[in-house]
Amino acid sequence: MIRGRNGESSMLRRQFLKTASAGAAVAASSLPRVSLAQATGPHELPKLPYTENALAPVISANTIGFHYGKHHAGYIANLNNLLQAAPELAALKMEELIKTTAANPNRTPVFNNAAQVWNHTFYWNSMKANGGGAPTGKIKDKIDADLGGYDKFKAAFHAAALGQFGSGWAWLIVDGDKLAIARTGNADTPLVQGKKCLLTIDVWEHAYYLDWQNRRADYITAWLDKLVNWEFAEKNLG
Ligand code: MN
């Protein structure tokens with residue numbers, strides 16, 4: 001859903017009409033990417049913490065371009081659009097908005113888009129170039145104490161991410177005072193249950209299909225070996 005800003009919709013329409021004879025694919029590819037998806041509203045697309053090619057070859061610039069520039073930006077645009085009809089929700093901070101709408105079946109569209117915005121921002125920060133492998137320091141000690149060591153963590157996290165049927169997420173969280181591995185479907189997030197999130201991997205097909213096709217298991221392994229941002233996890237651990 002793309003809403004115009006500063007008259008961009010009419011500009012787009014003129015551009016579309018001009019290029020329609022060349023086919024819809026040409027018109028679509030000529031659209032500026034992120035700026036148009038940012039509908040006016042209380043929420044903005046957070047800046048990606050690295051360049052689009054920083055995670056290649058595990059996650060290509062092409063995947064990030066669509067995933068961040070289209071999917072994540074689209075959730076922001078949808079959310080801002082929905083909030084225009086819900087001014088009582090528009091003032092809420094993102095985490096509060098997610099918790100409030102999770103409990104209200106009439107607000108499922110707002111919840112889905114808000115939670116997806118939050119989940120994706122958390123996912124980008126869960127990765128970095130030249131990350132992955134076994135952690136050190138405080139997070140290593142906590143994994144050793146609560147999850148039986150890095151190898152057991154890795155196997156359990158991989159199984160959770162691979163075993164999520166359909167679209168969703170796998171997480172490293174703090175449950176009570178212990179680390180745990182969780183998975184959620186679609187837009188759902190452990191935040192709703194008041195859990196502290198440390199890391200997440202997106203296992204929606206749009207996260208890996210351009211690079212790995214049906215090989216979700218290989219994407220998860222490469223993600224664990226090469227991309228995990230343990231500094232982010234440790235910062236979240238507090
Ligand atoms: Mn995604």
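**View A. A salt bridge joins the side chains of R215 and D218, with N and O 3.7 Å apart.** In this predicted model, local features need pLDDT of at least 70 and side-chain atom pairs count only at pLDDT 80 or more, whereas totals for chains, interfaces and linings use all residues. Residues are numbered from 1 along each chain as its sequence is written, and side-chain values use heavy atoms, with hydrogens and water left out. A salt bridge here is a side-chain nitrogen of Lys or Arg within 4 Å of a carboxyl oxygen of Asp or Glu. R215 is partly exposed at 36% relative accessibility, and D218 is partly exposed at 35%. In these terms, buried means under 20% relative accessible area, exposed means over 50%, and partly exposed lies in between (1.4 Å probe, protein chains only). A search of the whole structure finds eight salt bridges.

**View B. E88 and R107 form a salt bridge.** The closest N and O atoms of E88 and R107 are 2.7 Å apart. This pair links distant parts of the chain, 19 residues apart: E88 belongs to helix 5 (residues 87-90), and R107 to the loop between helix 6 (94-102) and helix 7 (108-125). Helices (H or I, at least four residues) and strands (E, at least two) are DSSP runs, numbered from the N terminus. R107 has a relative accessible area of 23% and is partly exposed.

**View C. K142, D146 and K178 are linked in a network of salt bridges.** D146 is buried, with a relative accessible area of 18%, while K178 is partly exposed at 47%.

**View D. Four residues coordinate the manganese ion.** The donors are NE2 of H67, NE2 of H120, OD of D202 and NE2 of H206, at 2.0 to 2.1 Å. Donors are N, O and S atoms within 2.8 Å of the metal (3.2 Å for Na, K and Ca); water is not among the atoms, so sites may look incomplete. Along the chain, the donors follow the spacing H-x52-H-x81-D-x3-H. H67 in helix 4 (residues 61-83) and H206 in helix 10 (residues 205-212) form a link between distant parts of the chain, 139 residues apart. Both H67 and H206 are buried.

**View E. D211 is buried yet has no salt bridge.** D211 is found in helix 10. The nearest side chain of opposite charge, that of R215, is 8.8 Å away; Lys and Arg count as positive and Asp and Glu as negative, while His and the chain ends are not counted. The side chain of D211 does make a polar contact of 2.7 Å with that of T63. A polar contact is a pair of N or O atoms within 3.5 Å; within protein, one must be able to donate a hydrogen and the other to accept it, and residues adjacent in sequence count only if both atoms are side-chain atoms.

**View F. The structure holds 14 aromatic pairs.** The ring centres of Y68 and W124 are 6.0 Å apart and the planes stand at 80°, so this pair is edge-to-face. Y68 lies in helix 4 and W124 in helix 7, so the pair ties together parts 56 residues apart in sequence. Both Y68 and W124 are buried. In contrast, the rings of F153 and F157 have centres 5.5 Å apart and planes at 40°, so that pair is tilted. Rings of Phe, Tyr and Trp (its six-membered ring) pair if their centres lie within 6.5 Å; planes under 30 degrees apart count as stacked, over 60 as edge-to-face and the rest as tilted. F153 and F157 are four residues apart in helix 9 (residues 150-163), a separation of about one helical turn, and both are buried. Ring pairs also link a cluster whose members include Y68, W118, W124 and F232.

**View G. Strand 1 pairs with strand 2 and with strand 3.** Two strands pair if DSSP finds at least two bridges between them. Strand 1 and strand 2 are antiparallel over eight bridges, and V174 has L179 in strand 2 as its bridge partner. Their hairpin has two residues between the strands, and G176 takes a positive phi near 70° there. Six bridges join strand 1 to the antiparallel strand 3 (residues 196-202), where I201 stands opposite A170. Seven of the eight residues of strand 1 (residues 168-175) are buried, so this strand is largely enclosed by the rest of the structure.
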